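Welcome, and please open the model in your viewer. This tour tells you what to select next and what to look for at each stop.

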Amino acid sequence: MARILAIDFGKVRTGLAITDELQIIASGLTTVNTKELIPFLKDYVAKENVELFVVGEPKQMDATASESEALIIPFLEKLTKAIPQIPVTRVDERFTSKMAFQTMIDGGLKKNQRKNKALIDEISATLILQSYLYSK
């Protein structure tokens, strides 16, 4: 089997998470400067067997699209042009940042470590991926 790669898209930074080849475990991969995201993904899929991109879908509490969705749509268009062989699916990402922060607290990270926004983005991507794995 191939891996599934999750993307927690952000204006400045984007968190990434990946499954193992059996698609059982979701693990944080890294956080990438959003300007470098497409080249990073092209390089990654050239080295690793990835069958699906799971991209977070930010929504308001009433299930309408969040303002950041306006940034994600152009990214999705670029992604499907750059890497057309890998399909994209979307997953509701409401509360993932709050859950990521709570995960850091539960994990015993000190207060100054919890200020690491890149780590929050990576954990958020992992939560998005876990949500997808649970739902399939």
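## The whole chain

Of the 136 residues of the protein chain, 42% count as buried; here buried means under 20% relative accessible area, exposed means over 50%, and partly exposed lies in between, using a 1.4 Å probe and protein chains only. Please keep in mind that this is a predicted model, where local features need pLDDT of at least 70 and side-chain atom pairs count only at pLDDT 80 or more, while totals for chains, interfaces and linings use all residues. Residues are numbered from 1 along each chain as its sequence is written, and side-chain values use heavy atoms, with hydrogens and water left out.

Switch to a cartoon view of the protein chain, and you can find four helices and five strands. Helices (H or I, at least four residues) and strands (E, at least two) are DSSP runs, numbered from the N terminus. Contact means heavy atoms within 4.5 Å. Among the contacts in the protein chain with a separation of 6 or more, residues 24 or more positions apart account for 61%.

## Stop one: two packed helices

Two packed helices are described by the angle between their axes and the distance between the axes. Select residues 37–47, helix α1, and residues 69–82, helix α2: they pack at an angle of about 35 degrees, with their axes 11 Å apart. The axes are lines fitted to C-alpha atoms, for helices over the stretch in contact, and angles run from 0 to 180 degrees between N-to-C directions.

Which residues of α1 and α2 make the contact? On α1, show L37, I38, L41 and K42; on α2, show F75, K78, L79 and A82. By class, this contact of α1 with α2 has six nonpolar, no polar and two charged residues. In this grouping Ala, Val, Leu, Ile, Met, Phe, Trp, Tyr, Cys and Pro count as nonpolar, Asp, Glu, Lys and Arg as charged, and the others, Gly among them, as polar.

## Stop two: aromatic pairs

How many aromatic pairs does a search of the whole structure find? The search finds two. Rings of Phe, Tyr and Trp (its six-membered ring) pair if their centres lie within 6.5 Å; planes under 30 degrees apart count as stacked, over 60 as edge-to-face and the rest as tilted.

Select F9 and F75, a stacked pair with 4.7 Å centre to centre and 25 degrees between the planes. This pair links distant parts of the chain: F9 is in the loop between β1 (3–8) and β2 (13–19), whereas F75 is in helix α2, 66 residues apart. F9 is buried at a relative accessible area of 15%, and F75 is buried at 5%.

Now select F40 and Y44, which are also an aromatic pair that is stacked, with 6.2 Å centre to centre and 15 degrees between the planes. Both F40 and Y44 lie in helix α1, four residues apart, about one turn of the helix. F40 counts as partly exposed at 28% relative accessibility, while Y44 is buried at 14%.

## Stop three: strand β5

Select V88, found in strand β5 (residues 88–92). V88 is partly exposed, with a relative accessible area of 29%. Leaving aside neighbours within four places in sequence, V88 is in contact with L52, F53, V55, L76, L79 and T80. For one of these, L76, twelve residues from V88 along the chain, the C-alpha atoms are separated by 8.2 Å.

Select residues 117–135, helix α4. Its buried residues include I120, I123, L127 and Y132.

Another residue of helix α4 is L133, which counts as buried at 14% relative accessibility. Not counting residues up to four places away in sequence, L133 touches I4, T19, Q23, I24, I25 and A26. T19 and L133 are 114 residues apart along the chain, with their C-alpha atoms separated by 9.1 Å.

Finish at Q23, in the loop between β2 and β3. Is Q23 buried or exposed? Q23 is buried, with a relative accessible area of 7%. Most residues other than glycine have a negative phi. Q23 has a positive phi of about 60 degrees although it is not a glycine.

Terms used. Expected span 1.5 Å × (residues − 1).
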